[in-house]
Amino acid sequence: MARDKQKSKVYKWERTFYKWDRLFRKNCIVKQHKRLNKKFFRSYGRGVTLNITNGYYGCHAVPSERVITLRNQHGLNYAILLHEWSHILAYEYYDRNHSLENHGPEFVSIYMNLLNTYLGIDMKELTRKAREMNIDFISPAKTKSKLKLNKNNNTFSPIDRDLLK
């Protein structure tokens with residue numbers, strides 16, 4: 001696997017447009033995960049497994065095994081779910097031989113499209129901020145086409161955005 005040159009820049013970038021401390025109900029996260037599984041792995045048999053655990057390690061994805069692990073205390077957040085899904089999709093669409101960096105241009109472009117499609121964050125703002133922070137990404141339009149995202153993909157429902165109290 002290539003060196004992950006952009007990791008810290010990507011983490012800073014994503015914090016500029018989404019609050020990571022906003023936690024959602026577990027059932028809301030599971031519901032949206034199932035929705036993503038249906039969208040991206042409908043014809044592939046086994047989809048992506050979601051594990052929600054307690055622990056001291058960070059949230060992570062294992063793309064080759066199609067597994068996402070979110071922490072109960074800090075990971076129940078739509079942006080984190082989409083971040084981990086971006087790792088899975090980057091592997092599926094671009095990196096079957098593990099030659100790309102984890103937070104490389106392909107990952108960033110996929111993540112931009114998921115944030116735009118499912119959270120309604122403006123694509124122009126995402127790309128402007130990424131350029132401003134010197135983050136490499138490939139054409140979001142080409143990636144959107146490759147992922148088959150369109151205006152029929154609705155954002156996550158406001159009802160599902162109930163914050164944990």
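This report describes the packing of helix α2 against helix α3 in a predicted model.

## Basis of the model

Residues are numbered from 1 along each chain as its sequence is written, and side-chain values use heavy atoms, with hydrogens and water left out. In this predicted model, local features need pLDDT of at least 70 and side-chain atom pairs count only at pLDDT 80 or more, whereas totals for chains, interfaces and linings use all residues.

## Overall fold

The protein has six helices and three strands (DSSP runs: H or I of at least four residues for helices, E of at least two for strands, numbered from the N terminus). Their order along the sequence is α-α-β-β-β-α-α-α-α. Of the 165 residues, 48% are buried (under 20% relative accessible area, 1.4 Å probe, protein chains only).

## Helix α2

Helix α2 has 16 residues and spans 22 Å from first to last C-alpha, close to the 22 Å expected at 1.5 Å a residue (1.5 Å times one less than the number of residues). Its buried residues are Cys28, Ile29, Gln32, His33, Leu36, Asn37, Phe40 and Phe41. They pack against β1 (49-53), β3 (67-71), α3, α4 (105-119) and α6 (140-147), with contact meaning heavy atoms within 4.5 Å.

## Packing of α2 and α3

The axes of α2 (residues 26-41) and α3 (residues 78-94) come within 11 Å and cross at roughly 20° (lines fitted to C-alpha atoms over the stretch in contact, with angles from 0 to 180 degrees between N-to-C directions). The two helices are therefore roughly parallel (angles under 35 degrees).

On the α3 side, the contact is made by Tyr78, Leu81, Leu82, Trp85, Ile88, Leu89, Glu92 and Tyr93.

Key
Parallel < 35°, antiparallel > 145°, perpendicular 65-115°, else oblique. Buried < 20%, exposed > 50% of the residue type's maximum accessible area, 1.4 Å probe, protein only.
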